Amino acid sequence: MTHHPTSAPQHETGKGVAFGLAAYMAWGCFPLFFALFQGVPAFEILLHRVIWSCLFLVGLVTLLGRWAPIRRAIAEPRRLGRVLGCALLIALNWGLYIYSVETRHVLQASLGYFMTPLVNVGLGMLVLRERMARLQGVAVGLAGLAIAIQLVMLGELPWISLALAFSFGTYGLLRKQVPLDGLSGLFVETLLLLPLALMALGWLTQAELSHFLDDGRTTGLLVASGVITALPLLAFAGAARRLRLATLGFLMYLNPTIQFFIALLVFHEPLAPVQLTTFVLIWTGLALYSWSAWQSRPREASTPAPSSR
């Protein structure tokens with residue numbers, strides 16, 4: 001059978017797309033899960049997400065026999081700089097997202113994740129020297145115009161949207177450059193956050209502010225938050241190692257689209273005319289960006305997947 005030299009990169013790209021779809025569809029449904037918590041502050045949920053994600057990954061790494069790369073990474077602290085950056089960024093993103101659901105600002109969260117692909121384009125150009133097509137430049141400009149309109153008309157920045165977009169966009173950029181496979185990188189990220197989470201939870205428990213053992217339902221939800229956090233993030237890490245930032249941005253439309261309809265149809269959040277204008281501008285930018293990405297698809301399909309080192 002004839003071997004085609006591009007078959008391996010194309011196979012890796014296909015796997016990356018599958019991982020990306022799984023991750024973004026799961027994230028899109030996250031508001032439904034975090035809305036189940038009643039009376040538990042976002043900060044405490046964040047602590048449990050870190051702790052139970054890490055413990056879940058301990059079992060998964062052991063089951064798969066994947067401790068070797070993790071031991072090598074921990075033995076070389078100089079490799080951990082970007083991983084620590086990833087850990088802090090994803091913790092910030094997690095906390096803001098839980099807060100947005102808790103305070104019923106899911107539309108703002110949706111807007112933030114609609115903006116992230118355009119943030120990815122900008123970061124790809126500035127940091128990775130990826131070329132920005134003319135339409136992509138227009139798309140990024142429309143996103144800036146949308147934010148300016150909201151600032152002028154409402155007198156305030158959509159800070160939740162901006163913080164979510166830039167924290168997750170930068171996380172994707174750093175994660176792409178981490179010289180670890182998806183599982184190992186994700187575990188080291190949560191491991192770096194674990195001591196802080198345990199100390200904070202200890203303080204909450206001592207101050208009798210912890211809700212962990214209030215009732216079986218709350219305890220079960222807090223433990224489950226680790227599993228449902230780890231699985232899609234693991235899938236995203238697998239996608240980030242195989243795909244360009246532009247491709248990740250394209251797949252990401254699923255996540256905010258699901259959130260947008262959950263905000264309107266399930267949580268019944270109001271959509272003011274200014275907010276609708278902002279969304280329309282972002283959607284227009286994404287349409288231009290998508291057309292540009294579609295036009296360049298043959299070049300992207302032949303791009304080798306990043307190598308794991």
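**A walk through the model**

Mentor: Arg 175 and Glu 189 join their side chains in a salt bridge, 3.3 Å from N to O. A salt bridge is a side-chain nitrogen of Lys or Arg within 4 Å of a carboxyl oxygen of Asp or Glu. This is a predicted model: local features need pLDDT of at least 70, side-chain atom pairs count only at pLDDT 80 or more, and totals for chains, interfaces and linings use all residues. Residues are numbered from 1 along each chain as its sequence is written, and side-chain values use heavy atoms, with hydrogens and water left out.

Trainee: Are Arg 175 and Glu 189 buried or exposed?
Mentor: Start with the cut-offs. Buried means under 20% relative accessible area, exposed over 50%, partly exposed in between (1.4 Å probe, protein chains only). Both Arg 175 and Glu 189 are buried.

Trainee: Which backbone oxygen lies 2.7 Å from a polar atom of the Ser 161 side chain?
Mentor: Ser 161 lies in helix α8, residues 159-177. Ser 161 has a relative accessible area of 0%, so it is buried. A polar contact is a pair of N or O atoms within 3.5 Å; within protein, one must be able to donate a hydrogen and the other to accept it, and residues adjacent in sequence count only if both atoms are side-chain atoms. At 2.7 Å, the oxygen belongs to Gln 108.

Trainee: Where is Tyr 253, and which residues does Tyr 253 touch?
Mentor: Tyr 253 is in the loop between α11 (245-251) and α12 (254-265). Its relative accessible area is 16%, so Tyr 253 is buried. Contact means heavy atoms within 4.5 Å. Leaving out residues up to four places away in sequence, Tyr 253 touches Phe 114, Pro 117, Leu 286, Tyr 289 and Ser 290.

Trainee: How many Å apart are Tyr 253 and Thr 116 in space?
Mentor: In sequence, Tyr 253 and Thr 116 are 137 residues apart. In space, C-alpha to C-alpha, the distance is 9.3 Å.

Trainee: Why are the buried residues of α7 on the same side?
Mentor: In α7, the buried residues are Gln 136, Ala 139, Leu 142, Ala 143, Ala 146, Ile 147 and Gln 150. They share a side because they cover an arc of only 130 degrees around the axis. The arc is that of the directions from the helix axis to the C-beta atoms. On the other side of α7, the exposed residues are Arg 134 and Val 152.

Trainee: What arc do the buried residues of α4 cover?
Mentor: Helix α4 spans residues 67-75, and Pro 69, Ile 70 and Ala 73 are its buried residues. They lie on the same side of α4, because their arc around the axis is only 100 degrees.

Trainee: Why is Cys 54 too far for a bond?
Mentor: A disulfide is a pair of cysteine sulfur atoms within 2.5 Å. A search of the whole structure finds zero disulfides. The closest cysteine sulfur to that of Cys 54 is in Cys 86, so the distance that rules out a bond is 16 Å.

Definitions and conventions. Helix = DSSP H or I, 4+ residues; strand = E, 2+ residues; numbered from the N terminus.
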